[in-house]
Amino acid sequence: MDRVTRLAAQKAVVVFSKSSCGMSHAVTRLLRELGVDAGVVELDEDPAGADMEGALARMLGHAGAAVPTVFIGGRLVGSTDRVMSLHLTGGLVPLLRDAGALWV
């Protein structure tokens, strides 16, 4: 859990991902298209990835897939459904701007 928290605070936006996960790719692509330079932690390429994935699942409150998990401004935003919902309702850009991830 400590490692997840440390990594999540290193950049304005951090995505915990798996290189083979289509939803992870969709979320990181959305962020890139918005102009965000997100930090991406590929759990399947990190020796501590399984432990971090377990911590993320506990943080999200479920035992299912924990990727992608997005942190903005060091705070847990959630998974794909939460990020896409924020985007569709107009809440994502202000959140990104407040975290310093967007300048416009």
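**Entry 1: ground rules.** I am working with a predicted model, in which local features need pLDDT of at least 70, side-chain atom pairs count only at pLDDT 80 or more, and totals for chains, interfaces and linings use all residues. Residues are numbered from 1 along each chain as its sequence is written, and side-chain values use heavy atoms, with hydrogens and water left out.

**Entry 2: H2 and H4.** How are helices H2 and H4 packed? I looked up H2 (residues 22-33) and H4 (residues 80-88) and found an angle of about 30° between them, with axes 10 Å apart. Helices here are DSSP runs of H or I with at least four residues, strands are E runs of at least two, and both are numbered from the N terminus. The axes are lines fitted to C-alpha atoms, for helices over the stretch in contact, and angles run from 0 to 180 degrees between N-to-C directions. H2 and H4 are therefore roughly parallel to each other (under 35 degrees; over 145 is roughly antiparallel, 65 to 115 roughly perpendicular, and the rest oblique).

I then checked which residues make the contact, meaning heavy atoms within 4.5 Å. H2 supplies Met23, Ala26, Val27 and Leu30, while H4 supplies Thr80, Val83, Met84 and His87.

**Entry 3: the faces of H4.** Which residues of H4 are buried? I found Thr80, Val83 and Leu86, where buried means under 20% relative accessible area, exposed over 50%, and partly exposed in between (1.4 Å probe, protein chains only). Seen down the axis of H4, these buried residues fall within an arc of 140°, so they line one face of the helix; the arc is that of the directions from the helix axis to the C-beta atoms. Their packing partners are H2, strand S3 (69-72), strand S4 (75-78) and helix H5 (92-98). On the other side of H4, I noted Asp81 and Leu88 as exposed.

Following H4 comes Gly90, with a positive phi near 85°.

**Entry 4: a cis peptide bond.** Where is the cis bond, and what is its omega? I found it joining Val67 and Pro68, with omega about -10°. Pro68 sits in the loop between helix H3 (49-60) and S3.

**Entry 5: Val14.** Is Val14 buried or exposed? I have this residue of strand S1 down as buried, at 2% relative accessibility. Leaving aside neighbours within four places in sequence, Val14 contacts Leu7, Ala8, Gly39, Val41, Thr69, Val70 and Phe71. Asp37 is 23 residues from Val14 in sequence, and their C-alpha atoms are 9.0 Å apart.

**Entry 6: two loop residues.** Lys11 is in the loop between helix H1 (2-8) and strand S1 (13-17), and I logged it as partly exposed at 33% relative accessibility. With neighbours within four places set aside, Lys11 contacts Asp37, Ala38 and Gly39.

Asp44 is in the loop between strand S2 (39-42) and H3, partly exposed with a relative accessible area of 39%.
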